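Open the model in your viewer and keep the selection tool at hand.

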Amino acid sequence: MRLLGIETSCDETAAAIVERDDAGRGAILSNVVRSQLAEHAPYGGVVPELAARAHVSHLDHIIARASAEAGVPLGQLDGIAATAGPGLIGGVLVGLTTAKALAAALDKPLIAVNHLEAHALTARLTDGLAFPYLLLLVSGGHSQFVLVRGVGDYLRWGSTIDDALGEAFDKVAKLLGLGVPGGPEVERQARLGDPRRFKFPRPLLKEDRLDFSFSGLKTAVRLAAEEIAPLTPQDVADICASFQLAVTDIVVSRARAALARFRAEVPEAPPVLVVAGGVAANQAIGAGLRAAALDMEARLVVPPIPLCTDNGVMVAWAGAERLALGDTDGFDIAAKARWPLDSADMGLGHGH
Ligand code: KG4
Ligand code: ZN
């Protein structure tokens, strides 16, 4: 089966066509992403109203390109999938309404995809993973550990009690006067700095739970920067390096605890940790996770970075996984700003 996937929940307008065979193997036929980075850059963050308007302006061309690059006319698709949440509601409405219109006009099934589920299932497309596995989702909007037991069957083991990890990177970059998006800038600066110069806190590290907290760390970074202002380029680099080491320690220690829980609760399954979300691009965090996985005899899977950040492929794939189970949605399905990825929360109106 071939599906179109539409993603408009944040600042990427994306569409892709993916094929799934009867054995569950996937192939990417096209993958078109238009980032709105330039539109939002002057404001230092994503402006929801601007994002929605940009999705309206560009989505139809991007869908046409996805169809052309795949060589698949829209009439030959087997289903239309779109992110229905969570995300910025104006943008989600643009993508979901477009998907409904296409599905109605072409008489194809509609699959309203949870954006987090799309991130969670990507590794099955890229690496053919079997269930269950552990997911660490670290993006600008989310930081969570999820036990992925099956399509539509997720248990959230931990999440952030304040900022998301990517958000923490972005806020640190902003207070140091670095550009957007902040994560890659902080990582670049960190390579030039001394990670031992500042002793930043590692919140919740000693606690026996899989939650994150990054706001105290962000405050500590701000206070340190204020204390030594005006900052030299070396100061900025040292702060970035020290911050990145602190978050790496936090993420790696939580990942170890999560893998230990996986072993204890799912002893029959080989332990696998999948990392997704934009922060998966960070080399220092990746190296830390690789070492921890090796040490714990677990497999670490990081899909190619363009598939870890927001894209239409993951939405098309999640749609295909659900369509293969006969799980589709009616045209009355609503866009949701909030939509936690947990079986306990996903039951109503979702067909699981
Ligand atoms: O998944 P994503 O593209 O968008 C969503 O948030 O859904 O993630 C973007 C986030 C931003 O906060 C960005 O600063 C962060 O991922 N990020 C990074 C790196 N590349 C992107 N954070 C740390 N290091 C990086 N190399
Ligand atoms: Zn995302």
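This tour of a predicted model says at each stop what to select and what is there.

**Stop 1: the zinc ion**

Select ligand 2, the zinc ion, and show its protein donors: H115 through NE2, H119 through NE2 and D310 through OD. They lie 2.1 to 2.2 Å from the ion. Check the geometry next. The site has 4 donor atoms, with angles of 86 to 147 degrees among them. It is classed as irregular; four donors count as tetrahedral only if all angles lie between 85 and 135 degrees.

Now look along the chain. The donors follow the spacing H-x3-H-x190-D. Colour helix α4: H115 and H119 both sit in it. They are 4 residues apart, about one turn of the helix. Are these two histidines, H115 and H119, buried or exposed? Both H115 and H119 are buried.

**Stop 2: the largest pocket**

Move to the largest pocket, with a volume of about 1500 Å³. Its lining counts 49 residues. Select C10, D11, G140, D170 and P181, the lining residues closest to the pocket centre.

Then colour by element. Which elements each supply at least two residues of this lining? They are β3 (26-35), α1 (37-40), α4 (115-127), α5 (165-175), α6 (182-190) and α10 (305-308). Helix α5 gives the largest share, 7 residues. Helix α4, which holds H115 and H119, is among the contributors here too.

**Stop 3**

Go on to the second largest pocket, which holds about 280 Å³ of space. It is lined by 14 residues. Select H142, Q144, R156, R338 and P340, which lie nearest its centre. Strands β7 (143-150) and β8 (153-159) are the elements that give two or more residues to this lining. By class, the lining has 6 nonpolar, 6 polar and 2 charged residues.

**Stop 4: S143**

Stay on strand β7 and pick S143, which lies in it. How accessible is S143? Its relative accessible area is 1%. S143 therefore counts as buried, as the cut-off is under 20%.

Finally, show the backbone of L165. Its nitrogen lies 2.7 Å from a polar atom of the S143 side chain. That pair is the last selection of the tour.

Notes: Residues numbered from 1 in each chain as written. Chains lettered and ligands numbered in written order. Predicted model: local features only at pLDDT ≥ 70, side-chain atom pairs only at ≥ 80, totals over all residues. Heavy atoms only, no water. 1 Å grid on protein atoms, 1.4 Å probe; cavity = no way out; pocket = protein on both sides within 12 Å on 5 of 7 lines; lining within 4 Å. Points joined across faces, edges and corners; volume = space filled by probe spheres on them. Nonpolar A, V, L, I, M, F, W, Y, C, P; charged D, E, K, R; others polar. Donors = N, O, S within 2.8 Å, 3.2 Å for Na, K, Ca; no water. Tetrahedral: all angles 85-135°; square planar, octahedral: opposite > 155°, others 65-115°. Buried < 20%, exposed > 50% of the residue type's maximum accessible area, 1.4 Å probe, protein only. Polar contact = N/O pair within 3.5 Å; in protein donor to acceptor, adjacent residues only side chain to side chain.
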